Each structure stands twice: as C-alpha cells, then as structure tokens.
Amino acid sequence: MNWTVRAWMAEDGSLRLAVVDAAGAERPLDTAQPVELLVAGVAACFVKSCAAVLEARGEPCIAVRAEAVAIKAADRPARVGRITIRYAMPALTDAHAGRIAKDAKRICTVTNSLSSDVTLAENQE
C-alpha cells in the first residue's frame, strides 16, 4: 500500500496540495486519511523549506513541485516504511535544484520529526 500527495509552491509562495489516488487522480486535501495528512505535511514542508533555502542564499523564490510517496512497511507494527520525495524546480539547473533539495530536506521540520518519540499523556482537564 502507498499514499501519495502532491505539493506546488508558486513563485509568490502560495501553496497547493492534493491527494493522489491509486489511479493517479487528484482529490482535495480535505478528503485525506490520517496517513495522507502525514504525507501532505512532508510534501508541504519540503517545498516551503526549498523557499527558505533560496531566501537564505539571497535567491528569488521560484516555483517548486514535489510529490511525496509513502510506502507502508511490510512488517508489524503498522507504519510507513519509506517516504520518497520527487521534486522539480524548472527554473533551476538539475545540479542547482539538487543542492537546494538536499539543504531543504536537512532543515525540514516535518521529515526531521518522523524519527522522534511519541508519548501519551492522559488529559488532565
């Protein structure tokens, strides 16, 4: 099983997200299942992190496209086993885009958080 979400960031910094079903058709994010929301967070954080890297380097904001594909782990417990981010930055050379993507992945709060511990705390209202 896999889950796919596409993210587009325009040159003005606006962000669009869509869930992609098994047939390749897009549907709105408000129809997403919980794992798709996790994948959407990865895709959105990645494209926004690309913008942050460009800004830090003094470069203009450009259009960035990303597709995050999460594949379910084959063993237990139930979880995502791998997430692949395919990206495109048409305004840049492949080498330049690769450097931006590498730095964006390094600073992406969402992907950096995927290996963090999750603890439970009883609601103390």
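**Start at W8**

Select W8 and R65 together: W8 stands opposite R65, a residue of strand β4. The model on screen is predicted. Now widen the selection to the two strands involved.

In strand β2, R16 is the residue opposite W8. R16 lies over the face of W8, at 4.2 Å from the ring centre. W8 therefore has R16 over its ring, a placement that falls within the 6 Å limit used for a charge over a ring.

**From β1 to β2**

Select residues 2-9 for strand β1 and residues 15-20 for strand β2; these two strands pair in the antiparallel sense over 6 bridges. Within this pairing, A7 stands opposite L17 in β2. Next, pick the turn between the strands. This hairpin has 5 residues between β1 and β2, and G13 takes a positive phi near 90° there.

**From β2 to β3**

Move on to residues 26-28, which form strand β3; β2 pairs with β3 in the antiparallel sense over 3 bridges. Select A18 and look across to β3, where P28 stands opposite. Then pick G24 in the hairpin of β2 and β3. There are 5 residues between these strands, and G24 has a positive phi near 90°.

**The aromatic pair**

How many aromatic pairs does the model contain? The count comes to 1 aromatic pair. The ring centres of F46 and Y87 are 5.9 Å apart and the planes stand at 45°, so the pair is tilted. Colour the two elements that carry these rings. F46 lies in helix α1 (residues 34-56) and Y87 in strand β5 (residues 80-88), so the pair ties together parts that are 41 residues apart in sequence.

Is F46 buried or exposed? F46 counts as buried because its relative accessibility is 3%, and buried means under 20%. Y87 has 37% relative accessibility, so Y87 counts as partly exposed.

Conventions:
Residues are numbered from 1 along each chain as its sequence is written. This is a predicted model: local features need pLDDT of at least 70, side-chain atom pairs count only at pLDDT 80 or more; totals for chains, interfaces and linings use all residues. Side-chain values use heavy atoms; hydrogens and water are left out. Two strands pair if DSSP finds at least two bridges between them. Helices (H or I, at least four residues) and strands (E, at least two) are DSSP runs, numbered from the N terminus. Rings of Phe, Tyr and Trp (its six-membered ring) pair if their centres lie within 6.5 Å; planes under 30 degrees apart count as stacked, over 60 as edge-to-face and the rest as tilted. Buried means under 20% relative accessible area, exposed over 50%, partly exposed in between (1.4 Å probe, protein chains only). A charge sits over a ring if NZ of Lys or CZ of Arg is within 6 Å of the ring centre and within 35 degrees of the ring normal.
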